[in-house]
Amino acid sequence: MVQQLNQQTIEFEGTDQEQAVAGEIFNLMRMFGFSYAANRPIRQTLPNLVQYLSEHKFQGIENAEEMTGLVDKALTASPKVFRREEENGIVAFVTTKVGIAAVIPSEQVDHHSFRTRLYADAKPVVTPTPAEQAAQQQASNRAAEANPLQLPTAAPLPLPTAASAARPVAATVAPTTPAKAAPVPTAAPKKPETVAVPAAAKPTTPMRPAEVEVAVEVVEAASVVATPISEPERVAPEPVTAPEAVRELELAPDVVADLSLPTNQLLSEYGSYFRSSLLKGIASDSRFVNFANEWYLEEMTGRYSKGDLRRIREYILEVGGPVTDADILADLYNKRTNEGDYTPTRFALDYRLAKEKKDFEFVGTVDERIWTTAGVPAIGATRHKAAEIGTDYKYLEDPNLVDSNELKGEPGKYTWEHILTFYEYENGVLPYDVSAKALFPKLLQEDQKSVILRFEATQLGVVYNAELRYPSGNRGGWIVGLESFFSDNLVPGAILVVRQTNRTNQFTIEYKQGEEQEARLLFWDERRQKFVFRPIIFACAINKEEALTPDRYSRIDGQKRLEESERKRTDFVLANAFEYAGQKQGDTYYTLLDDLYPIANIERPFSRNYLRSLLTSGNNQFRVDETTPDAFFYKPAGQGRR
Amino acid sequence: MDENSTLTPTAEQLEKLAEWLRRSGRPQSADTLLRRYIEILKETNNAK
């Protein structure tokens, strides 16, 4: 039976639960390193420990996240026993069999303690000179004649502390640092040294570390006298040539990195060069595959059959909307997030679905990977077609035409206050302008067209699914799907407040509340096919400068919409807006930009900067009032101002 | 925007990277992969 010798009592710190966890892990790690020397570091990564304990439901805990927090806290609480390390984002703990946190870097530790355990006085063998060899030989001969053979007493070997079968086996091998490339020796092998020894006087050698192997050739004793000891050929040891260290590496013309710098410093100074170099290598190597920001090996990425893909597609259609990869794995494959292979399984699903571009479209973000398929009902019911809205918002891609950022706060906690225009209200959309670009998630996949957003209306307790359509080609981006939130609660001119949450695709949306009031506001009468001012009671605060009221825009009452061909011409839309908003002076209309902005935004979206640009960019129907800021004249063509 | 580097990973370096990914048993983020790549550059250039 294997018995553990000299077992010490290890004192752990922390709460009772933490001490229990630390004790369990210490025993596990000691078993893992049962064959190690006493002071050799035993290292285990936190994920490996968590996986093992979760699988064994230690203290009834199955949840990996909960277990991770507990183990990390428990081991960190006993710094004398466990040393915490973190490399490449992977936390590991190091201890030794004697329960002392290893403090010596493993590279500097002589892992083999047999020398000290077996023969404490061991010294390196030094090859004697020929004269010393002869003298030693003679002394040895004399000693052999005088004393009988004596062997040194070997100390008993320590027994292993546990059977290897009890070691915890992690399903996932922890990342390990490959061993450094050993310098290749270039010296020729040493020639065995030949020493003439009488057969009867063969010396006994105590057990020593065999640093130099000495071959002993036995010859007749008589010849020792007759034959002088020949001078053995001494091969001068050639210096071992280590590969030349290259500390400076050219990353680009005139950009040289000193590789002896710490990795963090190299990343901060040359990160983009290293990234470019790495991407060049792995993008052209078919072994490496990626989905979004994650990379793995093709050979290790699971595959999905045509049947699997069909089932997934049918599942999305059955749900009737985009679904997360977690839902697919849970509902179709009964895969739980706390399973050890969940991460690679999830990667495989996302990677394989991304390859099936005809059937699946990624509409997710970094923290929620969402998939949809052809046939799923589109989000949002807009007055205009998606292509038309995209074209309307094309100006958002010109930095000179967008208005300044409306965001408040800091990244991750941005708040966007936005005044709703008639166009936005009627189509249930928001512009993907400079504010929205900072607020909403960036596209994750290069070919990604849209992302599903969730807006929680905190005042209503309702969640609205919306879709952000990213700019592409000749089209700008916009957010669609908020039409019922707008029409049920707001009027054009209302002040929207959108806030970021801790998830990149989830937001809260609310409106600034105001006293309940009744006002006559502009609406499109679908039945009569004309614009009308209609009394409405609402409780949201509105920006009066952007409200479409009859006292400012009475001339639009009863008017029809522009034809689509007319709506496409910005000068036509502006001319129309001038006629509704402007003060008529003879054959000329005069208006301030602030009055023009709300009414121009009925038929298509404009920013203030876009309006300024159109009114000053050469169409001589429009003229700036040099005496008043942001005031403009419009004189219809054919009336003497061409 | 990444600066364009003239440095191309060698087959040995890519193999080391692949082996590391293989042993990790799970996909790794681009940042983690980049850190590992720099470590491999140090090792293969004996600058560590």
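How many residues of chain B are in contact with chain A, and how many of chain A with chain B? In this predicted model, 37 residues of chain B touch 43 of chain A, where contact means that the C-beta atoms, placed from the backbone, lie within 7 Å. Local features need pLDDT of at least 70 and side-chain atom pairs pLDDT 80 or more, while totals for chains, interfaces and linings use all residues. Residues are numbered from 1 along each chain as its sequence is written, with chains lettered from A and ligands numbered from 1 in the order in which they are written.

On the chain B side, α1 (11-24), β1 (28-29) and α2 (30-44) each supply at least two residues; helices (H or I, at least four residues) and strands (E, at least two) are DSSP runs, numbered from the N terminus. The largest share, 12 residues, comes from α2(B). By class, this side splits into 14 nonpolar, 11 polar and 12 charged residues (Ala, Val, Leu, Ile, Met, Phe, Trp, Tyr, Cys and Pro count as nonpolar, Asp, Glu, Lys and Arg as charged, and the others, Gly among them, as polar).

The two chains also share strand pairing (at least two DSSP bridges between two strands). Strand β9 of chain A (residues 294-297) runs antiparallel to β1(B), joined by two bridges, and Glu294(A) sits opposite Ser29(B).

Within chain A, helices α17 (residues 570-581) and α18 (residues 593-600) pack at about 115°, axes 9 Å apart (axes are lines fitted to C-alpha atoms over the stretch in contact, with angles from 0 to 180 degrees between N-to-C directions). Residues making this contact include Phe578(A) of α17(A) and Ile599(A) of α18(A). The contact has nine nonpolar, no polar and one charged residues.

Technical notes:
Contact = placed C-beta atoms within 7 Å.
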